[in-house]
Structure formats: structure tokens, C-alpha cells
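Please keep the sequence and the 3D view open while reading.

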Amino acid sequence: IRTYGHYESFYRDHKTNRPIIYIYDSYHTSADRWASILQVDGINTIRNTDHDGIILGLYVNSESRQLLKSGFDGFYTYFAAEGFTEGSTSQKWSDIVSWGHSNNLIVSLSVGPGYDDTRIRPWNSQNTKSRRNGVYYDNMWESAMTAQCDWVSVTSFNEWMEGTQIEEVISKSIDSTVYDGKPYTYHDYSPLSSDYYMKRTYWWGLKFKEKKKKKKKKKKLCVKNDS
């Protein structure tokens, strides 16, 4: 935060100006250690200091619910392979969101355009998820919106090694790789345009934002009527 916090590209919550930080593999650190910096009364707390922020831990499965006593402000699900973890299983998202909201946690569900990490993990082909010309991405966005999460995070912008990139692409093949010495052809988005996923992300972002506005407006109307 001290080094990069002044950059415009350093993402902050527009309401509080607090930096938003996603912690990967947060479950590898015990809840007590996280609590020492994330709970207000923690011995080394960052709360109400210049290093305070909105800190999200990784939700993998129900065991990740230790996030609650760790002091995290919320959680995200990260993985783009449908069904790889409980957190990346869209059929469970409504229940996960409900648990998060019942405990006043921010829920950021992670969506992705597909998944293919066989170039670096050739044994993991069972988790390969075809993009299906954009259908996979649309389905994940639809599921996230139906689950009524607070935020949607995209996995990923440029993780080519796991086939989850959404940035603009060109067709490219290489003669061999450092992993197995075999030729490799990177995925492009054919027959879709090279910038399809960037444009589609923008489209879905607008839909998500509009739905949030409608929900907020409806909530205000209900409060007014009740009074």
C-alpha cells in the first residue's frame, strides 16, 4: 500500500477509498495468525491504520469458513473450473452467498471463460473446461448474478498457462515448450473476435451493475413503505 497505493490503477472501494486486496491460498495460514492482524483487537492489527483495507480470503470449501474468525472482510472463490472446488461449483453459490451475507461478509464470486492447464499440468485434463464459444463464460456470469453476490471477480485477465485469459489474442504456435519439449498452440477465440471476451466482460459488468441498482432501489422502496 505504501509503495503502490498512490497509483490510479491501485483499486480502491469507491465508497470508503479503502484498498481491496484478494489473498490467495489464505487457508494456509491459521485463523489465529490472520486474526492478529485483521481483527480490531489483534496484537498487530492493521485496522484503523494506514494499511487497513478490504481484505478478502479464498473460499475453497466449508472448511474455509474459518474466514469468519480470521477477521477477513469477505471472500472470493477464484477457480474458473466449474466443480473443481465447492467454491467454484455454481450450483452451491446461492448457499455460499447466503452464509456470507448472514455473517456480514462481502462475497465475490469468481467467473472464468474456460479452463485448460494441461500444458503445465498434463495430468489434470479432467478439469479442462471448454469455452464453448462464450457459452461457458455466460453461464458463470448468469449463475453469479442469480446467487446475488456483492462483487464478481474474473479469473483471469492474462493467465495463459491455465487457459483463463480474456485479454485480446492472436493465433500463435510454438515449436516446443520448456515443460515437455512438444509443440503447442495457444487458444484463440475463433470463430469469435479477438477481443470478444473483453467486450463481453464489459457487457456483463453493465448488466451486473444495473441489477445491483435495481435491487438497491427496491430495498429503499420497501423501507419507505414499511415506515
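## Strands and crossovers

Strand 4 (residues 106-111) pairs with strand 5 in the parallel sense, over four bridges. Two strands count as paired if DSSP finds at least two bridges between them. Helices (H or I, at least four residues) and strands (E, at least two) are DSSP runs, numbered from the N terminus. Leu109 has Val152 in strand 5 as its bridge partner. The chain gets from strand 4 to strand 5 through helix 4, and this β-α-β crossover is right-handed. Right-handed here means that, with the strands pointing away from the viewer, the path from the first strand over the helix to the second runs clockwise.

This is a predicted model: local features need pLDDT of at least 70, side-chain atom pairs count only at pLDDT 80 or more, and totals for chains, interfaces and linings use all residues. Residues are numbered from 1 along each chain as its sequence is written, and side-chain values use heavy atoms, with hydrogens and water left out.

Strands 1 and 2 run parallel and are joined by three bridges. Tyr22 stands opposite Leu56 in strand 2. Between strand 1 and strand 2 the chain passes through helix 1 (residues 31-38), and this β-α-β crossover is right-handed. Strand 2 (residues 54-58) is mostly covered, with five of its five residues buried. Buried means under 20% relative accessible area, exposed over 50%, and partly exposed in between (1.4 Å probe, protein chains only). Strand 2 also runs parallel to strand 3 (residues 74-76), again over three bridges. Here Gly57 has Phe75 in strand 3 as its bridge partner.

## The whole chain

The protein chain holds five helices and seven strands. From the N terminus on, the order is β-α-β-α-β-α-β-α-β-β-β-α. The C-alpha trace spans about 65 × 45 × 35 Å along its principal axes. Of the 227 residues, 41% count as buried.

## Helix 4

Helix 4 (residues 135-146) has twelve residues. From first C-alpha to last, helix 4 reaches 16 Å, close to the 16 Å expected at 1.5 Å a residue. That expected span is 1.5 Å times one less than the number of residues. The buried residues of helix 4 are Tyr136, Tyr137, Asp138, Met140, Trp141, Ala144 and Met145. Just after helix 4, Gln148 takes a positive phi of about 60°.

## Two loop residues

Which loop holds Gln91? Gln91 lies in the loop between strand 3 and helix 3 (93-102). Gln91 counts as exposed because its relative accessible area is 74%. Gln91 and Ile1 are 90 residues apart in sequence and 36 Å apart in space, C-alpha to C-alpha.

Asn61 sits in the loop between strand 2 and helix 2 (67-70). Asn61 is partly exposed, with a relative accessible area of 27%.

The search runs on a 1 Å grid over the protein atoms alone. A cavity is a set of points where a 1.4 Å probe fits but cannot get out. A pocket is an open set with protein on both sides within 12 Å along at least five of seven lines. Lining residues have an atom within 4 Å of a point. Grid points are joined across faces, edges and corners, and a volume is the space filled by probe spheres set on the points.

By this rule there are two cavities of 30 Å³ or more. Ala, Val, Leu, Ile, Met, Phe, Trp, Tyr, Cys and Pro count as nonpolar, Asp, Glu, Lys and Arg as charged, and the others, Gly among them, as polar.

| Space | Volume | Lining by class |
|---|---|---|
| Largest cavity | about 50 Å³ | five nonpolar, five polar, no charged residues |
| Second largest cavity | about 30 Å³ | three nonpolar, three polar, one charged residues |
| Largest pocket | about 1,200 Å³ | ten nonpolar, five polar, eleven charged residues |

The lining of the largest cavity includes Tyr27, Trp34, Leu58 and Phe72. Among the residues lining the second largest cavity are Asp116, Trp160, Tyr184 and His187.

The largest pocket is lined by 26 residues, of which His14, Lys15, Asp150, Trp151 and Lys212 lie nearest its centre. Strand 1 (20-22), strand 5 (151-154) and helix 5 (196-226) each give two or more residues to this lining. Helix 5 provides the largest share, eight residues.
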